[in-house]
Amino acid sequence: MTPMPRTMQTGSFRWMKSINKSIILNVIREKGPIPRAEIAKVTQLTPPTVTNIVGELLDAGIVVESDLGESTGGRKPILLRINASAFSVIGVYAGVDKIRAMSADLDGNLEGEAEVPIPPNPDRSFYIRSIIDTIHQLAAPIHHSGRPLLGIGVGMSGWVDHEQGISLSCPSLNLRNIPLRDLLEREFSVPVEVENGVRTLAMGESWFGEGREIADFICVHIGNEVNAAFVKEHSLVYSPSFTAGELGHTTVDIEGPLCGCGNRGCLEVFGSSVAMVRRAQEGLDQGVISSLNHHEGPLSERVLFEAAREGDEFARAVLVDTGRYLGIGLANIVNLFNPRRIILCGDLISEVPYVLHSLQETVEQRALATPVADVTIVPAGLGRNGGPMGAVTLVLMKLFQPQH
Ligand SMILES: [Zn+2]
């Protein structure tokens, strides 16, 4: 294979920054195998421009000539396709209790996985080191195989400045201002994309999950926090300080318990996984009848899921209640935005059906009838791989989507 231009291997995606180049690359990705003449027709670029740019993409090894196509009279045309398996990308989802990562080819096919647990309240350097170590676990076999690593995507919990690649604030970890892009580009010498957690999940769903066939949707992640991401025309919608989507800090009870943000009665203090476990513990302390009374060790969402699966009525009621609170938050979203689809991510949705069902029921009861008729609320298509897969997508987006 012809070696890649050095600018493509290191530093940035500058090499791709010719808009025509990424338009052609994207057409080959979406419609390939495709002949040059067809690319010219689809892109409305002149045949010599297409030939020149395809030549550069062939030199870089990212596009290859494949079989001959059907002849329309003369010689059979040579077809072009993306050389997806010749390159790797790494996606990292840096969460609160673990860091999960995967390597994949340019079609998003899984090549390797790694996971590193994070203890409670990690210090800053330990957390950064854990991200770097997780990436090294996947980068080493890629390096040995000789396949170029094209980039690293990182989805990080909390507020993220995706333009600068900085994790601005992660309240659940009590960490702030981590210049992740700079740190990782220095360590691995490849382009790095950083995005916040739910927006990363949304892009994974947009390319590979439940958002594939739909241009506009809202993605909601329910975990220790409750956050939303807005997708319009297949792209993320941003706000001035990158804070849009803080669904968890909308008020559902003005007299409610104190929230980490300083206000009272936020959705998060009722609908997050932490809130759910706390409510279950309060019930047990008050003497409810439940198999959980015999549980040894601290209560967790896993323990609650298990008890609910085994038929424990109290555990199921706690999950149903959680769905009810979340449904109120989502009913507000349905009324405000009239979306066609809401995609829900997180274990609370994927592990047991109780939260999802009561959430859907609550939205139907509480939101206006007209937008309710338009919306479908579905679990994420990528399940537990959503985070790392979304982070892989951050790199693929940079590579294939025309950059203006
Ligand atoms: Zn709050």
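In the predicted model, helix H11 meets helix H13 through Arg-316, Leu-319, Val-320, Gly-323, Arg-324, Leu-326, Gly-327, Ile-328, Leu-330, Ala-331, Val-334 and Asn-335 of H11 and Tyr-354, Val-355, Ser-358, Leu-359, Thr-362, Val-363 and Arg-366 of H13, where contact means heavy atoms within 4.5 Å and where helices (H or I, at least four residues) and strands (E, at least two) are DSSP runs numbered from the N terminus. By class, this contact of H11 with H13 has eleven nonpolar, five polar and three charged residues; Ala, Val, Leu, Ile, Met, Phe, Trp, Tyr, Cys and Pro count as nonpolar, Asp, Glu, Lys and Arg as charged, and the others, Gly among them, as polar. The axes of H11 (residues 313-337) and H13 come within 6 Å and cross at roughly 40°, which makes H11 oblique to H13. Axes are lines fitted to C-alpha atoms, for helices over the stretch in contact, and angles run from 0 to 180 degrees between N-to-C directions; angles under 35 degrees count as roughly parallel, over 145 as roughly antiparallel, 65 to 115 as roughly perpendicular and the rest as oblique. H11 passes H13 in a right-handed crossing, a crossing being left-handed if the near helix is turned anticlockwise from the far one by less than a right angle, and right-handed if clockwise.

Residues are numbered from 1 along each chain as its sequence is written. Because the model is predicted, local features need pLDDT of at least 70 and side-chain atom pairs count only at pLDDT 80 or more, whereas totals for chains, interfaces and linings use all residues, and side-chain values use heavy atoms, with hydrogens and water left out.

The protein chain is assigned domain 1 (6-82), domain 2 (88-208 + 386-400) and domain 3 (217-381), with bounds that come from an automatic or database domain assignment. The centres of domain 1 and domain 3, taken over C-alpha atoms, are separated by 45 Å.

H9 passes H10 in a left-handed crossing, and the contact is made by Ser-273, Met-276, Val-277 and Ala-280 of H9 together with Glu-301, Leu-304 and Phe-305 of H10. These residues divide into five nonpolar, one polar and one charged.

An open sheet of five strands has the order S14-S13-S12-S15-S16, with mixed pairing; two strands pair if DSSP finds at least two bridges between them. Its edge strands are S14 (235-236) and S16 (376-379), each of which pairs on one side only. Within this sheet, S12 (residues 217-222) and S13 (residues 226-232) pair in the antiparallel sense over six bridges, and Ile-222 has Val-226 in S13 as its bridge partner. Helix H7 (residues 197-208) packs on the sheet and touches S12, S13, S14 and S15 (341-345), its direction making about 130° with that of S12. Helix H13 (residues 354-366) lies across S15 and S16 and runs at about 170° to S16.

Another open sheet of five strands, also with mixed pairing, has the order S6-S5-S4-S7-S11. Here the edge strands, each pairing on one side only, are S6 and S11 (192-196), and the twist averages 15° from one strand to the next. Strand S4 (residues 88-94) runs antiparallel to S5 and is joined to S5 by six bridges, with Arg-100 in S5 as the bridge partner of Tyr-93. Helix H6 (residues 180-188) packs on this sheet against S7 (149-156) and S11, with a direction about 150° from that of S11, while helix H15 (residues 386-400) touches S4, S5, S7 and S11 and makes about 130° with the direction of S4. Strands S5 (residues 98-104) and S6 (residues 110-117) pair in the antiparallel sense over seven bridges, and the bridge partner of Met-102 in S6 is Glu-113. S5 and S6 form a hairpin with five residues between them, and Gly-108 in the turn has a positive phi of about 85°.

The axes of H2 (residues 19-31) and H4 (residues 47-60) come within 10 Å and cross at roughly 80°, which makes H2 roughly perpendicular to H4. A cis peptide bond, with omega about 0°, joins Gly-32 and Pro-33, and Pro-33 lies in the loop between H2 and strand S1 (34-35).
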